[in-house]
Amino acid sequence: MPDESSSSQPEHQSTDRVTPAPDLDLRFDGSPTAAALRRTAPVVHLEEDEPSTHPLTVLIPARNEAHNLPGCLKSLLDQSEPGFQLGEHWHIFVIDDNSADESIQIVQKLAENHPGLHVLQAPPLKSSGSGFTGKNAALWFGASQPLAHTAKWLLFTDADTLHEPGSTSRAIVEAERHDLTMLSYSPRQLVANFVQRALMPLIFSELASTYPPKKVSDPSSPIAAANGQFLLVRRQAYFDVGGHMAVASSVLEDVALAKLLKRRHTIRLRYAPEAVSARMYASTPEMIEGWTKNLALLFGNPLIMAAIALLNFVLLLGLPLLPLLMPNLVVWQALAIFIVWLRVLLRYFSRVGRSHAPFLDRILTVIALPLFAALLIRSWQMVKIAKAVTWKGREYTT
């Protein structure tokens, strides 16, 4: 997502500044708008009900993540340094969610030489209709452990993430410097094949357009979002809003948690390629299943978005062919077609540029537009019609 700095609470303005007319913050019936209420709401100062005994606990949910855990854990273990020592100043919990692979064995082997690394076995879900998704149940179980209950900060991160050296401690400094309750990073996305190179920038550009980091970070804006691949939150605030228990059934738990927190606190979202990267999907089928689960939940009008994607595909590839298919066009007609095509081209690539993907990958997104439209329609069918999605062998109701 675009790299935007967060907005802080507005400071007291001097009397010689021009203030907006009062009716700009009022509805037609004279009541204050939601934005006005957010601007005038008192800042909530957190008071810890339990004293913090260490700065941080990192929580990683793991369900069949044997292929991802070695890289993720190595990048986190390398964060340990004097003054920020694993096992003394911070801890890592890997919460196994009924894995059928070697996830537990990988963590246990590493834990033998790293005292601050712990592996937990999440209680099994009784059924898909138990009220919890597997990820939310695992994270709530981990956050309920005594070590997590006395950390000042909780970092929720996924097994598919890679953390740059020193990024974890720097994130805490950033959050405290800006007096944040939640800091979420959108990672640099690593792609596994040609299809992912073409599709992923397209989806992330739409995410950046729907959830602009600048607005997410603005206390006066109602837009709230977070990326569960890196979500740093004050422990006290997390439990005050109910944590993952409060969003137990949500497939988009990161966005749901951000909405709860932003009602009373300051949050920040930004693109952070210098801090974290992620390989979300190991294969194309896994990517299709993952985005089918999420797209209709992330975007309010998936069918309209699908229609726009198909229209862009037709215009971008079809308009240049019109002069060839219609040789009787006069010069001004051909020029008009070229101007329309150029306008569509510039607007499209300006939007796709918000993904921060490499230049060639942005060009490839054009051929992925039909696939993006198909995934939006498929997601709408599953989420809105069937009201059930599948992820990692489990079915969840929506």
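A contact means heavy atoms within 4.5 Å. This is a predicted model, in which local features need pLDDT of at least 70, side-chain atom pairs count only at pLDDT 80 or more, and totals for chains, interfaces and linings use all residues. Residues are numbered from 1 along each chain as its sequence is written, and side-chain values use heavy atoms, with hydrogens and water left out. The protein chain has 16 helices and twelve strands; helices (H or I, at least four residues) and strands (E, at least two) are DSSP runs, numbered from the N terminus. Of its 398 residues, 48% count as buried, where buried means under 20% relative accessible area, exposed over 50%, and partly exposed in between (1.4 Å probe, protein chains only). Among contacts in the protein chain with a separation of 6 or more, 79% are accounted for by residues 24 or more positions apart.

**Helix α13**

- Helix α13 (residues 302-318) has 17 residues and should span 24 Å at 1.5 Å a residue, which agrees with the 24 Å between its end C-alpha atoms; the expected span is 1.5 Å times one less than the number of residues.
- Pro302, Met305, Ala306, Ala309 and Leu316 of α13 are buried.
- These residues cover an arc of only 105° around the axis, which puts them on the same side of α13; the arc is that of the directions from the helix axis to the C-beta atoms.
- An α-helix has 3.6 residues a turn, so residues three or four places apart point the same way.
- The buried residues of α13 pack against α7 (194-210), α12 (284-298), α15 (331-352) and α16 (359-386).
- Ile304 and Val314, on the other side of α13, are exposed.

**Strands and sheets**

- Eight of the nine residues of strand β1 (residues 54-62) are buried, so the strand is largely enclosed by the rest of the structure.
- Strand β1 pairs in the parallel sense with strand β2 (residues 90-96) over seven bridges, and Leu59 stands opposite Phe93 in β2; two strands pair if DSSP finds at least two bridges between them.
- With strand β4 (residues 151-157), β1 pairs in the parallel sense over five bridges, and Thr57 stands opposite Leu154 in β4.
- An open sheet of three strands has the order β5-β10-β7, with mixed pairing.
- Its edge strands, β5 (161-163) and β7 (188-189), each pair on one side only.
- Strand β7 runs parallel to strand β10 (residues 276-278), joined to it by two bridges, and the bridge partner of Gln189 in β10 is Ala278.

**Aromatic pairs**

- Rings of Phe, Tyr and Trp (its six-membered ring) pair if their centres lie within 6.5 Å; planes under 30 degrees apart count as stacked, over 60 as edge-to-face and the rest as tilted.
- By this rule there are eleven aromatic pairs.
- One of them, Tyr185 with Phe230, is stacked, at 4.5 Å centre to centre and 20° between the planes.
- Tyr185 lies in strand β6 (residues 182-186) and Phe230 in strand β8 (residues 230-234), so this pair ties together parts that are 45 residues apart in sequence.
- Tyr185 is buried at 2% relative accessible area, and Phe230 is buried at 1%.
- The ring centres of Tyr238 and Phe239 are 5.0 Å apart with planes at 80°, so this pair is edge-to-face; both residues are buried.
- Trp140, Phe156, Tyr238 and Phe239 are linked into a cluster by ring pairs.

**Charges over rings**

- The charged end of Arg234 sits over the ring of Trp153, 5.7 Å from its centre; a charge sits over a ring if NZ of Lys or CZ of Arg is within 6 Å of the ring centre and within 35 degrees of the ring normal.
- Lys293 lies over the face of Trp391, 5.1 Å from the ring centre.
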